[in-house]
There are 2 protein chains.
Amino acid sequence: MGTSGGTKQDAVSSPQAALGRRLGYVFRTPALLAQALTHRSVGVPNNERLEFLGDSVLNCTIAEALYQAFPRLPEGDLSRLRAHLVKQQTLYEIAQRLDLGSTVRLGEGELKSGGFRRPSILADALEAVLGAVFLESGFEAARDVISRLYQPLLTEIDPRTLGKDPKTLLQECLQGRKLALPKYTVIATTGEAHAQHFEVECSLEDLGVRSVGAGTSRRAAEQDAARQAYALIAAGG
Amino acid sequence: MGTSGGTKQDAVSSPQAALGRRLGYVFRTPALLAQALTHRSVGVPNNERLEFLGDSVLNCTIAEALYQAFPRLPEGDLSRLRAHLVKQQTLYEIAQRLDLGSTVRLGEGELKSGGFRRPSILADALEAVLGAVFLESGFEAARDVISRLYQPLLTEIDPRTLGKDPKTLLQECLQGRKLALPKYTVIATTGEAHAQHFEVECSLEDLGVRSVGAGTSRRAAEQDAARQAYALIAAGG
């Protein structure tokens, strides 16, 4: 590992060879890696089909890892954890660790508008790279790469909280302490119908805690208020 | 294949052994197969976690099969074909071929209401069985089983039509012949707001073809009318 070693060494550009080292996987077919890093703005062939493949092998690998790691967790919780681990933002953060932005190929327009920093483009390219590993070397090889990339995330998972929205977290926390449920009250609505702004107060009566959240929908403002209230009571122990 | 052969032979009830023969896979752990066939109405443990695993390995295997079978098909079409192949109705039909209904374990209530015939219960059980193969013998073993089950479906796929809704099919067919697009007209609406019934006429002016479809929504009635119109012109060549 660490060097591509084969006769096609010269065909691997330096950033791509560095990517192989960071992945812990050396592509035997540099053209396949190049395709995985080619955004559709460049034309055809591009990485869309490989992304389809990569998304599926990622979902399968993460499903298996969670199944094994949490033998007693119900299916609904496994789904919630997986959704968090394979969502665009998580993939984007991994892609940044891999410095994928320095290796993606973009069309003129995307290049000018800074597409190499766009979360969706980098997340898709990461999936395509995983799809390329799967295609070239099979499931076990793809699983090895994915396991290494996800190890920091998998070891710090807390299945009680990860991927839950703030209102759910707050409610479960209060129920665990046998306290009254939060009350949400809209205290202000401003703006026209198409651009409304809401302020919602969240009140925890048993604890004498109040927070105010804001958002472009009532639901978003409630979540914002819940997030703040949860932070207050979590900090207070 | 065909007999379980191990020392736990006696633990495999006859319908389960027959299922193994139909799958072309013999479970080394009869308890795992038994769990895969246990509906949540029985209690815990049941097949919900295995279904989660099986759904993911099925998606991955079908993605790979389609990727290989259709080297030029865009990602959107691959997704559409896969959605058709892994949807409940398709799984249900495979489960019927396997006579899975004779092997599922249901709680009292589901048993009385004929749950062993319910498409969702049988489709979920099939996914759980695939998850159990994956868990016990790994990805390649699961892929072998899935490939055998899906071979009749995969060989007769027509990527131009499979999984497309009737309105899309009809529109593409007319566009291919450079004919005018269909016109949809609501000709009757009956029933109260919560239980409306729609009738929609589909008219193909260039061909002098008319059909009338019905449904509980305008969209459903349009699809029904399109399906009939498509059948008429497909039959007429």
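Tutor: In chain A, β1 and β2 (residues 197–204) pair in the antiparallel sense over seven bridges. Strands here are DSSP E runs of at least two residues, helices are H or I runs of at least four, and both are numbered from the N terminus. Two strands pair if DSSP finds at least two bridges between them. This is a predicted model: local features need pLDDT of at least 70, side-chain atom pairs count only at pLDDT 80 or more, and totals for chains, interfaces and linings use all residues. Residues are numbered from 1 along each chain as its sequence is written, while chains are lettered from A and ligands numbered from 1 in the order in which they are written.

Student: Which residue is the bridge partner of Thr185(A) in β2(A)?

Tutor: Look across from Thr185(A) into β2(A). The bridge partner there is Glu201(A).

Student: What is the strand order of the open sheet of three strands in chain A?

Tutor: The pairing is antiparallel. β1 (183–190) and β3 (209–215) of chain A are the edge strands, since each pairs on one side only. That gives the order β1-β2-β3.

Student: Which helix of chain A packs on the sheet?

Tutor: This helix touches β1, β2 and β3 of chain A, where contact means C-beta atoms, placed from the backbone, within 7 Å. Its direction makes about 145° with that of β3(A) (axes are lines fitted to C-alpha atoms, for helices over the stretch in contact, and angles run from 0 to 180 degrees between N-to-C directions). It's α10 (residues 218–235).

Student: How many residues of chain B are in contact with chain A?

Tutor: Chain A brings 17 residues to these contacts. On the chain B side, the number is 17.

Methods: Contact = placed C-beta atoms within 7 Å.
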